[in-house]
Amino acid sequence: MQTVKMVVTGPFSSGKTEFIRSISEIQVVSTEKSLSKDTAEAAQKEATTVAMDFGRITVDDELTLFLFGTPGQRRFDFMWEILAEGMLGFIVMVDSSKPETFREAKTILETFRAYAPTPYVVAANKQDHPDAWKPEDLRIVLRLDPEVKLLPCIAKDRDSVRQVLLELLYTILEEMETN
Amino acid sequence: MPLQGNLRDFSTTQLLNLVNLSKRTGLLTIFDGITTNELDAMKQPKQIPGAERARIAFHQGRLVYASAANQDSSLVAVLNKAGKLNNEQARQLRERMGSLGDKGLAMRLIGAKYVTQGDILAAVKQNILDIVFNLMTLQEGPFRFDDNQSPGSDVILVPIELEPVIIEGGRRIKEAGEIDKVIGSLDVSLKFAENAKQKFKGVHLTVDEWKIVPYVDPKNTLRQIMKVVNMSELQIKRIVYSLNQAGLIEIVNSAKPQVLPQRPNRPTKPPTPPEKRVVLSIIEKLKSM
């Protein structure tokens, strides 16, 4: 049995857990813990990912795809490198409605690029939110090269998630063919 | 929907760059931030928009207008600041112009040969640039960009290419960083250096420097002086910095800037090459889901 791994990363509350939950065939093995009511994050989200989320897609009898979601909070960033090891590619989730997280998203993207120069795509999540920045604006603010795929995304929508994963796989294929 | 955010997350320079690259038309409004008890997604105190601080208008990616709440950007004030109208002329015009807007006034001044069209455009352009360069040094404040909004029909618009502004602004931000090490905030006061009389002998001050000198007194904050002389924050800080560096004045109650901690670098790991067969299988699986 062969397993491959893809990592879903991004700032706190960018929608990583929801993304994996939408596509995983098993109930996501989420390590989310309820936030204590007096923390700042509690206002944003009921629970946060402590170590990682874990989802699975069985391709066939011999191949399984694992999706790992990184913890968004910086105090758990020691886990990032461990999760990045051996990944096929990664997805950077950005909450399009929270510009205060854009710089963090860029830093996370650069950090993951430094761990492993594997293919990646950026998902402009929460495109259904009224305050969402458009993907073309996000491309400029995140200073993404034109060849980097920046995809509109709604993490709670399975088709949208599937499309992001497919685009990442096409990118991986393109890079394999180029090399 | 307008683009909204805070300059601490997304600087004025980045906004100008966004407008330039996307060739946008619209109005950028920057507000004073009112800090709330809530925290944002980055755990910083959330700010809501307070009083309007400045407005910048763009047309197809070019800067065309700017005004700041703490500066008089009327045509009379702008021409007075540029030395094209003296104080008395400015006072008389203010009294007489009534409801006449900037465009109407400009036509009359040109007709009366007070000033040329070139004088007006140069003065307005300089005023726009002063405001924008100053805004580029702001560290925080809520902002909103409304597409296809204009600043009004009676203001004078002067198209200015953004790229040189961004480059020059970047240089000034660096310079402002140096200045901020000496002049931490606008709440500092100024006093003459010891033996000021002797030090001023033979020194040739610029017009703008002379405007500041009469207000050098520990009782006046820089903020108060800035308002009286109708200068931007960056402008007045530059002048005070040069006077200070020349040993002519001293700064009282200067605050030290905050130094932010940096994250350590991480080691890199070599990538694991995937197999094409594996990728194609996953694609097929996803398509069938």
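## Ground rules and a first example

Here, a residue counts as buried under 20% relative accessible area and exposed over 50%, with partly exposed in between. Take Glu38(B) as a test case: its relative accessible area is 47%, so Glu38(B) lands in the partly exposed class. Keep in mind that this is a predicted model.

Glu38(B) also has a charged partner. Its side chain meets that of Lys46(B) in a salt bridge, at 3.7 Å from N to O. Lys46(B) is partly exposed as well, with a relative accessibility of 33%.

## Chain A at a glance

Chain A is built from five helices and seven strands. Read from the N terminus, its elements go β-α-β-β-β-α-β-α-β-α-β-α. Of its 179 residues, 60% count as buried. Its accessible surface is about 7400 Å², and carbon and sulfur atoms account for 50% of that.

How much of the contact in chain A joins residues at least 24 apart in sequence? Among contacts between residues at least 6 apart, the share is 68%.

Helix 1 of chain A, residues 16-23, is worth a look. Six of its eight residues are buried, so this helix is largely enclosed by the rest of the structure. The buried ones are Lys16(A), Thr17(A), Phe19(A), Ile20(A), Ser22(A) and Ile23(A).

In soluble globular proteins, nonpolar side chains tend to be buried together. In this model the largest nonpolar core holds 76 residues, and Val122(A), Leu63(B) and Val165(B) have the most contacts inside it. Helix 5 of chain B (residues 117-135) brings nine residues to this core, the largest share. There is also a second, separate core of 32 residues, with Val4(A), Met6(A), Ile23(A) and Leu173(A) among them.

What does Val122(A) touch, leaving aside neighbours within four places in sequence? Its contacts are Val92(A), Val94(A), Leu109(A), Leu142(A), Leu144(A), Val148(A), Lys149(A), Leu150(A) and Leu151(A).

## A buried asparagine

Asn125(A) sits in strand 6 of chain A, which covers residues 120-125. Is Asn125(A) buried or exposed? Its relative accessibility is 2%, so Asn125(A) counts as buried.

Not counting residues up to four places away in sequence, Asn125(A) touches Ser14(A), Gly15(A), Met93(A), Val94(A), Asp95(A), Ser96(A), Cys153(A), Ile154(A) and Ala155(A). One of these, Asp95(A), turns up again below, in a salt-bridge network with Lys98(A) and Lys126(A).

## Where chain A meets chain B

The size of an interface is often given as the accessible area lost when the parts come together. For chain A and chain B, the buried area is about 4300 Å², with 64% of it from carbon and sulfur atoms. Chain A puts 50 residues into the contact and chain B puts in 40. On the chain A side, Glu100(A), Trp133(A) and Ile140(A) supply 13% of the area that chain A buries against chain B, more than any other three residues.

There are two salt bridges between the chains. Asp137(A) forms a salt bridge with Arg24(B), with the closest N and O atoms 2.7 Å apart. Eleven residue pairs, both members at pLDDT 80 or more, are in polar contact between chain A and chain B. Several elements of chain A give two or more residues to the side that touches chain B, including strand 3 (47-60), helix 3 (102-115) and helix 4 (135-141). Helix 5 of chain A gives the most, with ten residues.

## Other charged pairs

Side chains of opposite charge can pair when their charged atoms come close. Over all chains, the model has 32 salt bridges. One of them joins Glu52(B) and Arg55(B), whose closest N and O atoms are 2.7 Å apart. Both partners count as partly exposed, because Glu52(B) has 36% relative accessibility and Arg55(B) has 28%.

Asp119(B) forms a salt bridge with Lys84(B), at 3.6 Å between the closest N and O atoms. This pair links distant parts of the chain, 35 residues apart: Asp119(B) is in helix 5 of chain B, while Lys84(B) is in the loop between helix 2 (75-81) and helix 3 (87-96). Lys84(B) is partly exposed, at 38% relative accessibility. Over in chain A, Asp95(A), Lys98(A) and Lys126(A) are joined into one network by salt bridges that share partners.

Methods: Residues are numbered from 1 along each chain as its sequence is written. Chains are lettered from A and ligands numbered from 1 in the order in which they are written. This is a predicted model: local features need pLDDT of at least 70, side-chain atom pairs count only at pLDDT 80 or more; totals for chains, interfaces and linings use all residues. Side-chain values use heavy atoms; hydrogens and water are left out. A nonpolar core is a set of buried Ala, Val, Leu, Ile, Met, Phe, Trp, Tyr and Cys residues joined through side-chain atoms within 4.5 Å. Buried means under 20% relative accessible area, exposed over 50%, partly exposed in between (1.4 Å probe, protein chains only). Helices (H or I, at least four residues) and strands (E, at least two) are DSSP runs, numbered from the N terminus. Contact means heavy atoms within 4.5 Å. Accessible areas come from the Shrake-Rupley method with a 1.4 Å probe; for residues, only the protein chains shown count as cover. Buried area is the accessible area (1.4 Å probe) that two parts lose on being put together, summed over both. A salt bridge is a side-chain nitrogen of Lys or Arg within 4 Å of a carboxyl oxygen of Asp or Glu. A polar contact is a pair of N or O atoms within 3.5 Å; within protein, one must be able to donate a hydrogen and the other to accept it, and residues adjacent in sequence count only if both atoms are side-chain atoms.
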